[in-house]
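Keep your viewer open and be ready to select residues as we go.

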Amino acid sequence: MAAACYPSSRFHPIHGANVRLDPSRTQATRVESFANGLCFSQEPLAPGQIFLLEIEEKELGWCGHLRVGLTACDPSRLDVVPEYSLPDLVNRGDSWVFAITRNHNRVTPDVDADAEQASGRVRGFLADPYLLIEQVRIPRDKLVGRSRPGRYSHILDDLYKSNVLPATARRSRIGVLYTLQPDGTADMHMVINGEDMGPSARGLPASRPLYAVVDVFASTKSVRLIQVEYGCSQASKDVARERTENPTLVHSQFILHETSP
């Protein structure tokens, strides 16, 4: 197996007033209300580095779900952590955040689609062991949230027949990353249960540090980070290590070259 190219994911010690982190800073729980659940990655992400989380716990009685994205704002320089990612953080500028909904996952069957055909589509995209996003190649197995077999709820949703969860369900896995573009900007991609949703935002400032944003909002009560190892060239390892030691390093200096499995 290729060595991990990126440092382990952790949450930043700066977070919303209602968030409690576990000692490892890999689990974030909103302990009261439905807001003030904003979290950030400990370090800026490298190009192609996925910040992946799993929904650990839901809370009934609230309207809305998890929100995920990227920001060029250094969390340590925030005078006050905003109450909401949408609209508060985004309105400050240099932040790109999207609400996760059940319909985000494009493998959800159409209303009139045959159940067997829908199940076949799910198996189709899961058949490839790697997710390819431009030059980034990530093992798909860690990216896919799985339902637990034997639960009665499996008969209520065709996705459960292939053990792939709706985007907002408990155990669903959601990730965010960005890729460099020829014009020097970056595209943000959302990955939901192993499927790339395509560019969610374009024109991000790739020359600035970009932190992951996770808003543990409303019905999403707790999330935990999932570590994903995928190989890259020695040059990328050296630059990623330098990026960790020097957060002001310009992102365009990264060279991504994924190795074969």
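Start by selecting Glu59 and Lys221: they form a salt bridge (a side-chain nitrogen of Lys or Arg within 4 Å of a carboxyl oxygen of Asp or Glu), with their closest N and O atoms 3.7 Å apart. This pair links distant parts of the chain, since Glu59 sits in the loop between β4 and β5 (67-71) and Lys221 in strand β13, 162 residues apart. Strands (E, at least two residues) and helices (H or I, at least four) are DSSP runs, numbered from the N terminus. Lys221 is buried at 14% relative accessibility, while Glu59 is partly exposed at 25%. Here buried means under 20% relative accessible area, exposed over 50%, and partly exposed in between (1.4 Å probe, protein chains only).

A note on what you are viewing: this is a predicted model, where local features need pLDDT of at least 70, side-chain atom pairs count only at pLDDT 80 or more, and totals for chains, interfaces and linings use all residues. Residues are numbered from 1 along each chain as its sequence is written, and side-chain values use heavy atoms, leaving out hydrogens and water.

Next, select Glu56 and Arg224, whose side chains meet in a salt bridge (2.9 Å, N to O). Glu56 lies in strand β4 (residues 51-58) and Arg224 in strand β13 (residues 220-226), so the pair ties together parts 168 residues apart in sequence. Glu56 is partly exposed at 24%, and Arg224 is partly exposed at 28%.

Last stop: Arg92 and Asp79, joined by a salt bridge (3.7 Å, N to O). Arg92 is partly exposed at 43%, whereas Asp79 is exposed at 67%.
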